[in-house]
Amino acid sequence: MIEIRRVFTHVEDIHHEFGPPAATPLRRGAIAVLLRNPFAGRFEPDILPMMDQLQAVGVNMAQRLRVAMDVPVEAIQGYGKGSIVGAAGELEHGALWHVPGGYAMRELLGWKGDATAYAQGRADGPKGQPANALAIVPSTKKVGPPGAALDVPLTHINAAYVRSHFDAMEVRMPGAPLADEIVFILAMSTGARVHARVGGLHANDISRWDGLR
């Protein structure tokens, strides 16, 4: 069911947005996998088997993206995901990426999925495992032609309401998807928008235990 044709990776460093150069450039990366849509051209009531098979794809793509960005896991502060469905598919086929793509990045970044495990880490003191990747991974999807672009949303990995990390990354795979294909996308960033200054809570103001209380 999983037939991958191409993988496309993009990494960029943003030094400034017409203001003073940032002390540390913002690094954003995206990885897109192109595969055949087994449901193209017909309505299939049960599409969940493909979601299960996409789990391994999500894990592999998350790991490859982190390597391509060439930063430690601890440096990742923002994430997002998306999908572009070829014209012979339906929007719901793109929704198959919600679980495999989102949880792959969260697990890479330290999410345990178990409040008990976090509580034990907290009890162990400073050396314990802190909560991480607590926030839902934002997402978008569309049906589009070859070369279609998608603005993939990015938010903070632990608190989606941290304004400085509201961002989006335009992603496209040249010449794809064909009508019977799907592009699945993961995106990550290392920090806030360069020159972010619209107020609100800062990432450092948020306790990574808040989501577990």
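Which residues are linked with Arg 28 in a network of salt bridges? In this predicted model, the network joins Arg 28 with Glu 12 and Asp 167.

## Salt bridges

A search of the whole structure finds seven salt bridges. One of them pairs the side chains of Glu 12 and Arg 28, at 2.6 Å from N to O. Glu 12 belongs to strand S1 and Arg 28 to strand S2, so this pair ties together parts 16 residues apart in sequence. Arg 28 counts as buried because its relative accessibility is 10%, under the 20% limit. Glu 12, at 23%, counts as partly exposed.

Arg 5 and Glu 181 also meet in a salt bridge, again with 2.6 Å from N to O. Arg 5 lies in strand S1 and Glu 181 in strand S7, so the pair ties together parts that are 176 residues apart in sequence. Glu 181 is buried, with a relative accessible area of 6%, whereas Arg 5 is partly exposed at 43%.

In soluble globular proteins, nonpolar side chains tend to be buried together. Here the largest nonpolar core has 30 residues, and those with the most contacts inside it are Leu 54, Tyr 79, Phe 184 and Leu 186. Among the elements that give two or more residues to this core are strand S2, helix H1 and strand S7. H1 gives the most, with eight residues. A second, separate core of 15 residues includes Ile 84 and Ile 185.

## Helix H1

H1 has 22 residues and reaches 31 Å from its first C-alpha to its last. The helix bends by about 35° at Leu 54. Leu 54 is also one of the buried residues of H1, which pack against S1, S2, H3 and S7. Just after H1, Asp 70 takes a positive phi of about 60°.

Terms used: Residues numbered from 1 in each chain as written. Predicted model: local features only at pLDDT ≥ 70, side-chain atom pairs only at ≥ 80, totals over all residues. Heavy atoms only, no water. Core = buried A, V, L, I, M, F, W, Y, C linked by side-chain atoms within 4.5 Å. Buried < 20%, exposed > 50% of the residue type's maximum accessible area, 1.4 Å probe, protein only. Helix = DSSP H or I, 4+ residues; strand = E, 2+ residues; numbered from the N terminus. Expected span 1.5 Å × (residues − 1). Bend = angle between axes of the 7 residues up to and from the residue. Contact = heavy atoms within 4.5 Å. Salt bridge = Lys/Arg side-chain N within 4 Å of Asp/Glu carboxyl O.
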